[in-house]
Amino acid sequence: MQAKGRVFKYGDNVDTDVIIPARYLNSSDPAELATHCMEDIDKEFVDKVNKGDIIVANKNFGCGSSREHAPIAIKASGVSCVIAETFARIFYRNAINIGLPIIECPEAAKAISAGDEVEIDFDSGEIRDLTTGDSFRGQAFPEFMQKIIANEGLVQWINNGRP
Amino acid sequence: MGMTMTQKILAHAAGLPEVKAGQLIMADLDLVLGNDITSPVAIHELEKMKVEGVFNKDKIALVPDHFVPNKDIKSAEHCKCVREFARKNEITNYFEVGQMGIEHALLPEKGLTVPGDVIIGADSHTCTYGALGAFSTGVGSTDMAAGMATGQAWFKVPSAIRFNIVGKPAKHISGKDLILHIIGMIGVDGALYRSMEFTGEGIRHLTMDDRFTIANMAIEAGGKNGIFPVDEITEEYLKEHATRPYTVYEADPDAEYDETIEIDLSTLRPTVSFPHLPENTHTIDQIHAEGDIKIDQVVIGSCTNGRIQDMREAAEILKGRKVAPGVRLIVIPATQSVYLQSMEEGLLRTFIEAGGVVSTPTCGPCLGGYMGVLAQGERCVSTTNRNFVGRMGHVDSEIYLASPAVAAASAITGQISCPEDL
């Protein structure tokens, strides 16, 4: 599986309140949530994002509220992967459970700039910055989590008899 | 090598003699929790699963509390979805308006969380029940759905930071000052993926309500859970509230910790987290030296500080005084029982006579839902748990996190203050 897209770059501690503000949590419709994705940190995100684009951030991405609406909004806005130095633990679980690809890679998080064209090979864990020519290796998921991802999330993994 | 308190609870729930940090386990759950925002998503996921109903109707708690009583039509639809699910599945612990309270204040009060439990909740502040010696942690809606269906959840066994608490706090220094101090010290990701285990002779000076506040905010340091040993103070609380037998776990004497941090309660000062991260802490002395910070609103309530001790602390300071002109004081007892007790003790009269308003239990303003949303440029001193950009309203508003004592004193002076300033 591969992803390729343009990078939206953010800093440390991007919290789930700015990813999807609580004033929109009276909806749980992915398409509607996507229309407000990143609104309180980047008003232009919704207009600029294209299918396949990639979010790159520094440490503790997705901290704060456990709202699954945050990874749902990111996924529904067309983002193909989030790369960060580290993820807050509930966001990390939620992303795996709903099948939003995420990669922890401090080197890539530091080096990649906004607007860069980036390509990711999920099988090898390789992240290539096509704009700069740099290449990085993301941290591989433990085997257990790979199984959940391979089954397209927790629900399907359980439905398939927890293979 | 010995296990931490958290590791011992998880080992038992996974049916294993021993677990190690980093190990991935499947654990049996004693309680699965959801609210009016997270449950509808979970119910939708559960419908996709090949299961008949839920694993155990007595081990699920559904507490509509965030936008309840319904703030708008969409919220009403969410609550209706949760209500109908609860009816259809005969969920024992569904709490309707009239019985409901803020989930993390309500469940311990109802005796539904006891020592040794493994609890997941689709709400990040589920870590609150660590105050009672349980392992409890926040998850998302899909985990909640899987938990409701199978009675199990997957966990990566955490390592731990030990906080050795010593000394005795001064008057008006509460659990809130301690946890804000800790978050200021280690940062909002200082305990990422890890347990925060609170021990030491100083914890005997921390009441149950202090401990709930401290464990509640473990997530604000990135922690997986916060946990206290079970002592006489816990037992006293459980005597009044517990509805079922429980198992007390203790950390092994040779348990391994990533680090031990010692904190002397006697050195703590009233502590305030400045916008826009809980780690941006300033003591009241620093604030006075830096210059006055005028405020527009004060909120006293939430799963962090909406319990009876918090109401008493605020009322003691507000008694016979008036809220400063131009400041709005909003007090929200966290549960019906706290509300009733506050009424019987005359605390509600104190709040109203001081010029504040008192609301029915709701998370409301804490997450910018309703009942106290901020306009552009406004500042609020709040006893809640997060001061992120836009958390309580406009992206250009500001939240200062503080204890009920600081919040009440600030309401009176109209700027960030502590009881000593009055």
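1. Buried here means under 20% relative accessible area. Phe274(B), at 11%, is therefore buried. So is Tyr400(B), with a relative accessible area of 4%. The model is predicted.

2. Phe274(B) and Tyr400(B) make one of them, edge-to-face, with 4.9 Å centre to centre and 75 degrees between the planes. This pair links distant parts of the chain, as its members are 126 residues apart. Phe274(B) sits in the loop between β12 (271-273) and β13 (281-283) of chain B, while Tyr400(B) belongs to strand β18 (residues 398-401) of chain B.

3. Which residues do ring pairs link into a cluster? They are Phe61(A), Phe87(A), Phe91(A), Tyr92(A), Phe141(A) and Tyr193(B). Tyr193(B) also has a charge over its face: Lys156(B), at 5.1 Å from the ring centre. Another charged end, that of Arg93(A), sits over the ring of Trp154(B), 4.2 Å from its centre.

4. The largest nonpolar core has 88 residues. Ile55(A), Phe61(A), Ile74(A), Phe91(A) and Phe155(B) touch the most other members. In chain B, domain 1 (5-264) and domain 2 (270-421) each supply at least three residues to this core. Apart from it lies another core, of 40 residues, including Phe163(B), Leu268(B), Leu277(B) and Phe388(B).

5. Look next at helix α4 (residues 69-76) of chain A. Six of its eight residues are buried, so the helix is largely enclosed by the rest of the structure. The buried ones are His69(A), Ala70(A), Pro71(A), Ile72(A), Ala73(A) and Ile74(A). In chain A they pack against α1 (16-19), α2 (30-34), β2 (54-57), β3 (81-84) and α5 (89-98). Gly78(A) follows α4(A) and has a positive phi, near 100 degrees.

6. What does Ile74(A) contact, leaving aside its neighbours within four places in sequence? The list is Ile19(A), Cys37(A), Ile55(A), Phe61(A), Val79(A), Val82(A), Phe91(A) and Leu100(A).

7. Strand β14 (residues 297-300) of chain B is covered on both faces. Gln297(B) and Val299(B) are buried on one side, Val298(B) and Ile300(B) on the other. β14(B) pairs in the parallel sense with strand β15 (residues 328-331) of chain B, over four bridges. There, Ile300(B) has Val331(B) as its bridge partner. β14(B) also runs parallel to strand β17 (residues 379-382) of chain B, joined by three bridges. Val298(B) stands opposite Val381(B) in β17(B).

Methods: Residues are numbered from 1 along each chain as its sequence is written. Chains are lettered from A and ligands numbered from 1 in the order in which they are written. This is a predicted model: local features need pLDDT of at least 70, side-chain atom pairs count only at pLDDT 80 or more; totals for chains, interfaces and linings use all residues. Side-chain values use heavy atoms; hydrogens and water are left out. A nonpolar core is a set of buried Ala, Val, Leu, Ile, Met, Phe, Trp, Tyr and Cys residues joined through side-chain atoms within 4.5 Å. Buried means under 20% relative accessible area, exposed over 50%, partly exposed in between (1.4 Å probe, protein chains only). Domain bounds come from an automatic or database domain assignment. Contact means heavy atoms within 4.5 Å. Helices (H or I, at least four residues) and strands (E, at least two) are DSSP runs, numbered from the N terminus. Two strands pair if DSSP finds at least two bridges between them. Rings of Phe, Tyr and Trp (its six-membered ring) pair if their centres lie within 6.5 Å; planes under 30 degrees apart count as stacked, over 60 as edge-to-face and the rest as tilted. A charge sits over a ring if NZ of Lys or CZ of Arg is within 6 Å of the ring centre and within 35 degrees of the ring normal.
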